[in-house]
Amino acid sequence: MSEPVLSVRNLKVAFPTRRRTLTAVDDVSFDIAAGEVLGVVGESGAGKSLTGAAVIGLLEPPGRIVGGEVRLSGRRIDNLPAEEMRKLRGRRIGMVFQDPLTSLNPLYRIGDQLIETIRTHADVSEAQAREQAIALLQEAGIQGARARIDSYPHEFSGGMRQRVVLALALCAEPDLLIADEPTTALDVSIQAQIITLLKRLCRERGTAVMLVTHDMGVIAETADRVAVMYAGRIAEIGPVRDVVQRPRHPYTKGLMGAIPTIAGHSSRLVQIPGTMPRLDAIPKGCAFHPRCTYAFDRCRAERPEPLPAGNSRVACWLVADNPAGVSA
Amino acid sequence: MKDAPLVEVSNLTRVFDVSKPWLNRVIEGERKAYLKAVSGVSFAIGRRETLALVGESGSGKSTVARMVVGLLPPTAGSVTIDGIDMWEAKRAAERQKLRRRLQMIFQDPYASLNPRWRVDRIIADPIKAFGLANSQREVEARVGELLTLVGLAPADGRKYPHEFSGGQRQRICIARALSSNPEFLVCDEPTSALDVSVQAQILNLMRDLQDRLGLSYLFISHNLAVVRHMATRIGVMYLGRIVEIAPSAELFAGPRHPYTRLLMDALPDLGMSGRPRRPIEGEIPNPITPPPGCAFHPRCPWAFEPCRVDAPALIERDGRAAACHAVAAGRI
């Protein structure tokens, strides 16, 4: 088997505060192979964006990695000096964020931003870089790229800007793309266009993608595998079809039932009582146990590790005893 | 026979003046610019019914909501609630009474609660404003009752909004909206700021409250799946017009208007059936300079000559209506 592009082992991110240290990402492990899309899904505060930020070394202080390791094509990157990490970003790891306006400099023409990025990472002339930039924009679905390359970001619509950001993230042909809620700010019709584009561009290039989102629908459309996060830990990770259609962890089950669908008739939605715990009040044992209808004594005392169940790994004591999963 | 509808909206239109200042217009030789946010929108909402308006950004759905509750005067058209015209000046006294009977729930539960007021004061405010209680004790009892009704504890009234999560704040907003015993609630994207598991709690709560209190809802959302779950009838809006309006089940069983069809195709498919999807090409046009004819024609795969010339009227057939030349001509 070939080496995964991204390998995260027992990653732990903590925020020291005056009173105590809050653990926001706790013991998270996953791999992403070349050309594979791993969806990381969870509700607000689950730690999904922080996991992405930790991988690219963009944690906001005082947050920092306090344990585990991150490897990019076998090379450890979590302990690199800031300067070397900066070179790695953009060159080997591309990034797309939720709001395309914050990723683009409003004072520079998009062409200049693309050309600068291309020339930072490859030894080409200004004219060559410009041709590459035009080709990239065309590939990203911007019509009349040659005419629009000298426009400023504000002259583009939200969907078009996200296309530019995608072109910018991929212009150095990175091995890994981290996309944090890339379609959340967009309308459904535009969202579908961007998802299709993201999938196509990454498949063609064999780029590994870590897609962070709260939207199970986007995951179902895009990802090959999915990791469901809850309170800083992975609750369930496995092939997208298994997780979406036959979820094993009680939290994933609840989450899937809570999503209104157009296929379903209009009965009551499944309701998970309560809310996700705050970082300073993560319960002992399984973090989900106070909201879980299946919880028993072991869940309150001991923390479950993600254990193999079918093609997935599930962190739940019920599943550990009965690999077929909890019968709902 | 059905009763007369509670809410009747007819030919509602709103135009915003988006011109540059006078001096700039003179210097740059520009004309005044207008944005037609809503144009000729008509619908009726029966008692205990939920009508949903669904559409993408810029479709005018929130502008309709603001005109229906009386926060924004329409340029033309009328809003009639239980026979009283919202915007007819001479019936101001009656309109004042009407205000108690309709309330609104907003999208952002962080922005719509005064951070410096305790929750009990927030909820008591409409009770006092409409003079619905005779004594302070009565007000307190009513606030406690409302908090219990939305799934919070009466003791939560002593807290400030920042002490609550997003979902709990939306419950507070619902309690405040219910405090004047309204019959009609206008909900503008009430769950789009919430996580899915919390959204499910709020949607379930809203449906329970509708059953218990006999409420009617005008429900505004961009999410077709949420609308499917909540609405008895659905109006699909595009660039200020209703392009299709139909009972919920029928709309989803067989959408007629091309925009509705494509919008349903664009929804991410959780069933992962691998059904083929036609993406909607292009983007929503600029509403200041909308395309001639049907506003959707540049993106529509079924467009033919009349679509580029005439704006199609909403034509009713079998209790549902669509505004499309191709549908009217039997081409699709």
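This report walks through the sheets, helix packing, core and chain contact of a predicted model.

## The open sheet of chain A

Let us start with chain A, where four strands make an open sheet in the order 2-1-4-5, with antiparallel pairing. At the edges stand strand 2 (21-32) and strand 5 (75-76) of chain A; each has a single partner strand, so one side of each is left without a neighbour in the sheet. Strand 5 of chain A is held to strand 4 (residues 64-72) of chain A by two bridges, in the antiparallel sense.

## The open sheet of chain B

Chain B also has an open sheet of four strands, with the order 2-1-4-5 and antiparallel pairing. Strand 2 (34-45) and strand 5 (84-85) of chain B are the edge strands, and each of them pairs on one side only. Further in, strand 1 (residues 7-17) of chain B runs antiparallel to strand 4 (residues 76-81) of chain B, and five bridges join them. Here T13(B) is found opposite A76(B) of strand 4 of chain B.

A helix lies across this sheet as well: helix 2 (residues 61-69) of chain B lies across strand 1, strand 2 and strand 4 of chain B. Its angle to strand 1 of chain B is about 115 degrees.

## Strand 10 of chain B and its partners

Strand 10 (residues 241-247) of chain B is worth a visit of its own. Six of its seven residues are buried, so the strand is mostly covered. Strand 9 (residues 233-238) of chain B runs antiparallel to strand 10 of chain B, with six bridges between them; R233(B) has P247(B) of strand 10 of chain B as its bridge partner. The two strands form a hairpin with two residues between them, and L239(B) takes a positive phi near 50 degrees there.

Strand 10 of chain B also pairs with strand 12 (residues 320-322) of chain B, over two bridges and in the antiparallel sense. In this pairing, E244(B) faces A322(B) of strand 12 of chain B.

Helix 7 (residues 158-170) of chain A packs against helix 8 of chain A at an angle of about 15 degrees, and their axes are 10 Å apart. The two helices are therefore roughly parallel to each other, and their crossing is right-handed. Among the residues that make the contact are G158(A), G159(A) and L166(A) of helix 7 of chain A, and I190(A), I194(A) and L197(A) of helix 8 of chain A.

The largest nonpolar core has 198 residues, and L38(A), L166(A), A167(A), M210(A), V228(A) and Y230(A) have the most contacts inside it. Helix 8 (residues 188-205) of chain A gives the most to this core, with nine residues. Leaving aside residues up to four places away in sequence, V228(A) touches several residues, including V41(A), I234(A), V243(A) and Y251(A).

## Where the chains meet

The contact between the chains takes 35 residues from chain A and 31 residues from chain B. On the side of chain A that touches chain B, at least two residues each come from helix 8, helix 9 (216-222), helix 10 (240-245) and helix 11 (250-258) of chain A. Helix 8 of chain A gives the largest share of that side, six residues.

Technical notes
Residues numbered from 1 in each chain as written. Chains lettered and ligands numbered in written order. Predicted model: local features only at pLDDT ≥ 70, side-chain atom pairs only at ≥ 80, totals over all residues. Buried ≥ 20, exposed ≤ 12 C-beta atoms within 10 Å, placed from the backbone. Pairing = 2+ DSSP bridges. Core = buried A, V, L, I, M, F, W, Y, C linked by C-beta atoms within 7 Å. Contact = placed C-beta atoms within 7 Å. Axes fitted to C-alpha atoms, helices over the stretch in contact; angles between N-to-C directions. Parallel < 35°, antiparallel > 145°, perpendicular 65-115°, else oblique. Left-handed = near helix turned anticlockwise from the far one by under 90°.
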